[in-house]
Amino acid sequence: MAATTLPSGEPASEDTSLYPIAVLIDELKNEDVQLRLNSIKKLSTIALALGVERTRVELIPFLTETIYDEDEVLLALAEQLGNFTSYVGGPDFAYTLLPPLESLATVEETVVRDKAVESLRQIAVLHSPTDLENHFVSLVIRLASGDWFTSRTSACGLFSVCYSRVNPMIKSELRNFFRNLCQDDTPMVRRAAAGKLGEFAKVVELDSLKNDLIPMFSSLAQDEQDSVRLLAIEACVSIASLLTHEDVNDLVMPTLRLCTSDSSWRVRYMVADKFTELQKAVGPEITRIDLVPTFQSLLRDTEAEVRAAAANKVCDFCRNLCPPVASGALLNDPNATQTSNAVDSIIMTSILPVVKGLVADTNQHVKSALASVIMGLSPILGKQRTLDHLLPLFLTQLKDECPEVRLNIISNLDCVNEVIGIQRLSETLLPAIVELAEDPKWRVRLAIIEYMPLLASQLGVQFFDDKLNSLCMTWLTDHVYAIREAATLNLKKLVEKFGAEWAQTSVIPKVIVMARDPNYLHRMTFLFCINELAEVCGPEITAKTMLPTVLSMASDSVANVRFNVAKTLQKIGPIVAQSAAVKSQIKPVLDKLNTDTDVDVKYFAAEAMSIIACN
């Protein structure tokens with residue numbers, strides 16, 4: 001077998017310091033992909049052994065020449081090289097890493113190319129202006145003019161990281177190359193250019209933005225491929241935020257208007273998805289003139305996906321119509337009052353009528369999206385308008401046939417409570433909530449349970465006891481285990497809010513009744529309740545009120561109940577450890593259970609005895 005040789009041609013045996021690179025070469029040529037992958041992941045260790053000069057002279061050229069491997073190996077290599085600057089001698093030699101990364105940026109696999117571009121972007125900032133112009137820009141131009149679309153797509157992501165640090169002549173050249181990419185024959189390249197246009201816009205000069213990039217934006221926004229057009233929407237946000245109000249109106253809005261009525265629903269969806277970002281970028285005046293009608297159109301779109309995306313933005317759109325007034329910053333300003341009135345008029349006459357239509361939309365995703373945000377309109381509209389216009393919509397949504405719609409309304413009740421107060425909320429929405437608590441779908445009942453502590457803290461003890469206490473107890477005997485389990489945790493949270501004395505009078509007596517229930521599942525639920533309540537009620541109430549009933553269940557006819565008695569005693573034993581009950585009552589019962597005929601009962605009894613003895 002021939003001796004392993006280094007990239008320089010030297011036999012490895014001549015110098016033991018060459019051994020690490022020799023091992024690397026052997027592993028890189030190994031048929032086992034995992035070995036090759038492990039070798040790539042050890043590059044930093046090998047580079048340290050070689051030193052910076054030999055890493056530059058031998059290791060990097062070797063890696064550049066051997067980039068023909070499985071995608072996962074190439075991906076690991078691309079990632080390693082992004083953090084390799086220190087191993088080649090620091091920023092002054094960062095340019096030596098460009099050749100292998102350039103090769104990786106041209107491979108067929110997208111994830112490898114993307115990682116190579118990411119690493120190139122990392123090391124670009126480490127280049128000096130001279131190295132950037134002499135080495136990095138040359139790489140960008142080679143990629144941008146490459147024969148294969150793979151290199152041209154990779155080039156799109158590199159313009160923004162080098163543009164601001166090169167001379168005006170090179171800047172002009174880079175803009176020309178980027179323009180060529182925006183007009184490329186291959187859709188994938190135009191798509192990549194559209195995706196990076198907004199990023200590039202942030203680093204170019206204002207004149208260049210107006211004269212060069214906006215025409216590129218207009219061209220991409222009218223591309224024959226909808227996958228290109230929808231990416232131009234993202235660029236629109238960045239471009240509009242960089243321009244004055246007049247320039248936005250003259251240069252951006254004509255193109256944006258075309259996008260909002262695009263024949264492809266995917267483009268309209270992107271407009272809807274980015275709508276509040278567009279709104280902030282173009283400013284309040286253009287919003288009122290142009291975007292309000294557009295938003296109405298998107299809310300009424302023929303495609304459900306577009307309507308859902310727009311519905312999800314309703315609250316944010318209304319809130320952004322006049323942020324300073326909404327925050328109270330300009331309430332003493334007459335102009336602010338006038339603007340606030342105009343905003344109210346827009347919401348009441350242009351947005352709310354369309355929202356009312358969406359409440360009864362035929363698509364459940366649209367209704368669900370709206371339900372997740374509609375409660376947020378309450379603080380914007382105020383108390384009276386919420387009562388007059390929004391409450392009827394909330395009630396309709398609470399009774400919707402789609403469970404997700406109902407859940408979204410329940411989970412945002414606190415927004416409405418802050419505006420109209422708990423009394424009005426309880427009078428209007430509480431009956432619907434009680435109805436949901438008995439919903440046939442157990443997930444709906446579960447959601448109500450989860451929000452019960454929040455409702456309880458808002459309603460107060462008296463109101464809760466009158467209206468909801470019995471409901472909470474009913475859940476303990478639900479036929480679905482998940483509901484019973486959630487109901488026990490719910491009781492614990494309620495006791496944490498209302499206190500142990502409340503539990504002693506309003507909860508524990510009702511729970512103890514379950515210990516005598518004919519259904520053994522309900523008797524077990526009693527034990528689960530004690531496990532949770534003992535912790536929050538404290539040792540005195542536990543020993544005096546709950547422990548006697550638990551002990552009496554040790555002779556239950558069902559083995560599952562008996563071993564759960566042992567588990568409950570294990571749980572509450574440490575809580576009542578300071579009382580005489582442990583020695584006089586708990587230990588004798590556990591001794592009895594430890595001689596039970598059922599194996600599981602004996603096991604849990606022994607475990608409980610061990611835990612209590614330790615405490």
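**Whole chain**

Start with the cartoon view: the chain has 40 helices and zero strands. Its radius of gyration is 35 Å, well over the 25 Å that the globule rule gives for 615 residues, so the chain is more spread out than a compact globule. Keep in mind that this is a predicted model.

Now turn the C-alpha trace. Along its principal axes the trace spans about 90 × 80 × 40 Å. The accessible surface comes to about 27500 Å². Carbon and sulfur atoms account for 50% of that surface. Of the 615 residues, 53% count as buried.

Colour by charge next. There are 57 positive and 77 negative side chains. The centres of the two sets lie 7 Å apart.

How do contacts run along the sequence? Take the contacts between residues at least 6 apart in sequence: 67% of them join residues at least 24 apart.

**Stop 1: aromatic rings**

Show Phe, Tyr and Trp side chains. How many aromatic pairs does a search of the whole structure find? The search finds 14.

Select Trp265 and Tyr269. The ring centres of Trp265 and Tyr269 are 6.4 Å apart and the planes stand at 75°, so this pair is edge-to-face. Both residues sit in helix 16 (residues 265-273). Trp265 and Tyr269 are four residues apart there, which separates them by about one helical turn.

Move on to Phe498 and Trp502. Their ring centres lie 5.0 Å apart with planes at 75°, so Phe498 and Trp502 also make an edge-to-face pair. Check the surface again. Phe498 counts as buried, at 18% relative accessibility. Trp502 is buried at 7%. Buried means under 20% relative accessible area, so both values qualify.

Then pick four residues together: Phe159, Tyr163, Phe178 and Phe200. They form one aromatic cluster. Keep Phe159 on screen for the next stop.

**Stop 2: Leu181**

Select Leu181 in helix 11 (residues 168-182). Leu181 is buried, at 1% relative accessibility. What does Leu181 touch, not counting residues up to four places away in sequence? The neighbours are Ala144, Arg152, Ala155, Cys156, Phe159, Val189, Arg190 and Ala193.

Now draw a line from Leu181 to Ala577. They are 396 residues apart in sequence. In space they are 77 Å apart, C-alpha to C-alpha.

**Stop 3: Gln279**

Go to helix 17 (residues 275-282) and pick Gln279. Is Gln279 buried or exposed? Gln279 is buried, with a relative accessible area of 2%. Show its contacts, leaving out residues up to four places away in sequence. Gln279 touches Thr287, Leu291, Asp316, Phe317, Asn320 and Leu321. Asp316, Phe317 and Asn320 bring you to helix 20 (314-320).

**Stop 4: Asn312**

Step back to the loop between helix 19 (304-311) and helix 20 (314-320). Asn312 lies there. Asn312 is partly exposed, with 35% relative accessible area. Beyond residues up to four places away in sequence, Asn312 touches Ala369, Ser372 and Val373.

**Stop 5: Met375**

Find the loop between helix 23 (364-371) and helix 24 (377-381). Met375 is placed in this loop. Met375 is buried, at 1% relative accessible area. Which residues does Met375 touch, not counting those up to four places away in sequence? Look for Phe394, Ile409, Asn412, Leu413, Cys415 and Val416. Asn408 and Met375 are 33 residues apart along the chain, and their C-alpha atoms are separated by 9.3 Å.

**Stop 6: Val558**

End at the loop between helix 37 (539-552) and helix 38 (559-572), where Val558 lies. At 24% relative accessibility, Val558 counts as partly exposed. Val558 touches Tyr520 and Arg523, not counting residues up to four places away in sequence.

Conventions. Residues numbered from 1 in each chain as written. Predicted model: local features only at pLDDT ≥ 70, side-chain atom pairs only at ≥ 80, totals over all residues. Heavy atoms only, no water. Helix = DSSP H or I, 4+ residues; strand = E, 2+ residues; numbered from the N terminus. Rg over C-alpha atoms; globule rule 2.2 N^0.38 Å. Buried < 20%, exposed > 50% of the residue type's maximum accessible area, 1.4 Å probe, protein only. Contact = heavy atoms within 4.5 Å. Areas by Shrake-Rupley, 256 points an atom, 1.4 Å probe, with all protein chains shown as cover. Lys, Arg positive; Asp, Glu negative; His and termini not counted. Charge placed at Lys NZ, Arg CZ, Asp CG, Glu CD. Phe/Tyr/Trp six-rings, centres within 6.5 Å; stacked < 30°, edge-to-face > 60°.
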